[in-house]
Amino acid sequence: MKEASFDIKYKPFKGQQAQNLQQQRKIPTQFKLDVKFKAAGAVIAGIGVTKDNRLFLCNQTDSNLYVMSDKGQQLATIQMDGKQWGIAMEEEENSAWITLPDKQSVQAVNVVTMKKKGQLIKSPGRCHGIALIDDQIAVGSYGKIYIMSKTGEIKKTLDVGGSEVHSISVGQTHQLYFAQANIGKSTPKSVGLDGTVTSFSAENVNGLIGVEHDRIGNAYLLEYQAANLKLFSFEDKSIKTILTKKDGLNYPYDFAFSKDSSKLFISNYTSREILVFLCT
């Protein structure tokens, strides 16, 4: 056996992780309208986006859930068991979990075959917002968020007061950020799994209907009547308006980013349109 030296530069694993994290820390600062389109005239309440930018559009008009491309091409129509509101994507399991408020239920869809998957999962009340937390489902109802198994077993009930929970987003420490548009002016809030409700900003938002927490510690806030999309920074506790009526927002119902944050999708209630913004 002979020993030989190799000119290999060692990169510590943590160093590689830090570099990847830095790449992910880029926040979109400019938004340019690319296209806008309608989904068969439907009122779209919830938007789910796959890795290949297929849009699963929850419909408040009837039982049809629409699957469309990011350019507005209709790819499929899925017949659900009722009108839909919220959607949580679980693409690693080929699933999307969708709330049916009138049925007080959650129903799963296969995002590959684009067909219904499984039975209705009953909620204790009308359900709107939905998010996945670990291997469970967080479902928003009137003044409450239910933590449920995927078979419908209630694991925990979080009392958040107020009105319907229209949107839920899971933070880095399992905080649930939630939106209640019917309350009007209020401070944006989160709730821990221990039931503690906290205002994470001292500034008011008006008719908060959508909230999304990103990977790097910020929250995007969608105001319904005021028609604003705002960015809350947890670093300096500031709220900045990034899109308004002048950018085409018209009583927006929901929004979602593409997986790489290069595109932003917003549904308008009044014009029944999907707006697609390019993000840089």
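1. A pocket is here an open set of grid points, on a 1 Å grid over the protein atoms alone, with protein on both sides within 12 Å along at least five of seven lines. In this predicted model, the largest pocket holds about 1400 Å³ of space.

2. The lining of the largest pocket comprises 49 residues; nearest its centre lie Ser169, Glu212, His213, Arg215 and Lys259. Two or more lining residues come from each of helix 1 (13–24), strand 2 (44–49), strand 6 (87–90), strand 10 (130–133), strand 14 (167–170), strand 20 (208–213) and strand 24 (252–257). Strand 2 supplies the largest share, five residues.

3. Sorted by class, the lining of the largest pocket contains 22 nonpolar, 15 polar and twelve charged residues.

4. The second largest pocket contains about 150 Å³ of space. Its lining consists of Val43, Gln60, Trp85, Arg126, His128, Glu164, His166, Ala181, Asn182, Ile209, Tyr224 and Tyr253. Six of these residues are nonpolar, four polar and two charged.

5. Leaving aside residues up to four places away in sequence, Phe255 touches Ile47, Gly210, Val211, Glu212, Tyr220, Leu222, Leu229, Leu264, Phe265 and Ile266. One of these, Glu212, is listed with the residues nearest the centre of the largest pocket.

Note on methods: Residues are numbered from 1 along each chain as its sequence is written. This is a predicted model: local features need pLDDT of at least 70, side-chain atom pairs count only at pLDDT 80 or more; totals for chains, interfaces and linings use all residues. Side-chain values use heavy atoms; hydrogens and water are left out. On a 1 Å grid over the protein atoms alone, a cavity is a set of points where a 1.4 Å probe fits but cannot get out, and a pocket is an open set with protein on both sides within 12 Å along at least five of seven lines; lining residues have an atom within 4 Å of a point. Grid points are joined across faces, edges and corners, and a volume is the space filled by probe spheres set on the points. Helices (H or I, at least four residues) and strands (E, at least two) are DSSP runs, numbered from the N terminus. Ala, Val, Leu, Ile, Met, Phe, Trp, Tyr, Cys and Pro count as nonpolar, Asp, Glu, Lys and Arg as charged, and the others, Gly among them, as polar. Contact means heavy atoms within 4.5 Å.
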